[in-house]
Amino acid sequence: MTRVRSVPATSGPLISLIPTDDPGRWADACRRSGQTVTPFHTYEWLSQAARMTATEFTPIIVRAGDEDVGVVPWLSRRRGPLAVVNWLPFPYVGPLVPQSLIGSCLTVLRGHALRKRAAVTQLSFPPRTEFSAEDITARGFELHFDETYIIDTSQDEEELWAGLHKKCRRNTRRAESLGVTIHQSGQAAKVLARVVDAAFARTRGKSGYVGDFPPMSSTFTDGALAVHWTVATYQGIDVGTLVTLLHHDYATCWMGGVLPEYRSSQANMLLHWDAIRWARRSGASSLDLVGVPNERIRNIKRQYGGSLYTYPVLQRMAPGWRQVRTVAGKLGIQ
């Protein structure tokens, strides 16, 4: 593969970015970064995510001298002559490299974005990543923090149940008493489509999934991911669904929910309690509930017994792009 760019680190070997089409090499480089590798970093997920978001996935290996030390997921979407990079509806898509190389890697990525005519580049790190805010802002990136709840699933099941908020335990029992059942179904993709459409119809927003979405439930049956895709049924009707991903010992609740007219069934509580138990039984040490977009979601997710974590999100816009976006918005141009 062609070497993309090299620059010296603050001290030490040259940092290079090299595209790859080898999933095994990608997985090895993820591990060598020493950082948390989430399901959203796997080659398998990113390849599927590109199809679901109408982006192009370029897998990039980060090398320090002659050694692979990390990766950069690069998912781009063209906007005329320009590109938008890693503007995605799921988190943690950024350089996975040793802490000492984050600054140097960002320098290389800034130049790469310029050559690729990236109008907007967004990068983020997993929770618990150690980094220097000065390293980030000195490279011309704006920095803010998003939040997520993470449950310690290394506990035994009794401890996990006790860790649920009292209201969550009560509503989980209520769902069971109402006859809500959780199971796997060949109709899971259709249920997810209905749930997502209903959720965003209420807010008049967009999910960010504009391509091959929803995926078929058989999509993630091979490779580095384990998948637990369940459907909640109430009174003979499929009312909700939840997709949980697992890579090694890190699990994430990627997407799901319950149709608004059936929220009183408390099926959402039962779906998440089922996901918590599955993560623990599958060997996960953590279950990431993935994001706190608003106060309503915060109030729901805090009930599952997790701890609140922040994670850094970096953005860099090409000069003048912010003004172009502002004018386009006023004119109703997307």
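The points below treat the basis of the model, salt bridges, surface charge and cysteines in turn.

1. Basis. The model is predicted, with local features requiring pLDDT of at least 70 and side-chain atom pairs counting only at pLDDT 80 or more, while totals for chains, interfaces and linings use all residues. Residues are numbered from 1 along each chain as its sequence is written, and side-chain values use heavy atoms, with hydrogens and water left out.

2. Salt bridges. With a salt bridge taken as a side-chain nitrogen of Lys or Arg within 4 Å of a carboxyl oxygen of Asp or Glu, the count is seven. One of them pairs Arg25 with Asp68, the closest N and O atoms being 2.7 Å apart. Arg25 lies in helix 1 (residues 23-32) and Asp68 in strand 4 (residues 67-79), so this contact ties together parts 43 residues apart in sequence. Helices (H or I, at least four residues) and strands (E, at least two) are DSSP runs, numbered from the N terminus.

3. Asp68 is buried at 8% relative accessible area, whereas Arg25 is partly exposed at 25%. Here buried means under 20% relative accessible area, exposed over 50%, and partly exposed in between (1.4 Å probe, protein chains only).

4. Arg298 and Glu147 form a salt bridge at 2.5 Å, N to O. Arg298 is buried at 16%; Glu147 is partly exposed at 23%. As for shared partners, salt bridges join Arg25, Arg63 and Asp68 into one network.

5. Surface charge. Asp152, Asp156, Glu158 and Glu159 make up a negative patch on the surface, and Arg78, Arg115, Lys116 and Arg117 a positive one. Patch members have over 30% relative accessible area and no salt bridge, like charges being joined within 9 Å. Asp152, in strand 7 (residues 142-152), is partly exposed at 37%. Arg117, in the loop between helix 3 (102-115) and strand 6 (118-124), is exposed at 53%.

6. Cysteines. The structure holds zero disulfides (pairs of cysteine sulfur atoms within 2.5 Å). For Cys30, the nearest cysteine sulfur is that of Cys105, 12 Å away. Cys30 is buried at 3% relative accessibility, and Cys105 is buried at 0%.

Key:
Patches are made of residues with over 30% relative accessible area and no salt bridge: like charges are joined within 9 Å, nonpolar side chains (Val, Leu, Ile, Met, Phe, Trp, Tyr) within 5 Å. Accessible areas come from the Shrake-Rupley method with a 1.4 Å probe; for residues, only the protein chains shown count as cover. Lys and Arg count as positive and Asp and Glu as negative; His and the chain ends are not counted. The place of a charge is taken as NZ of Lys, CZ of Arg, CG of Asp or CD of Glu.
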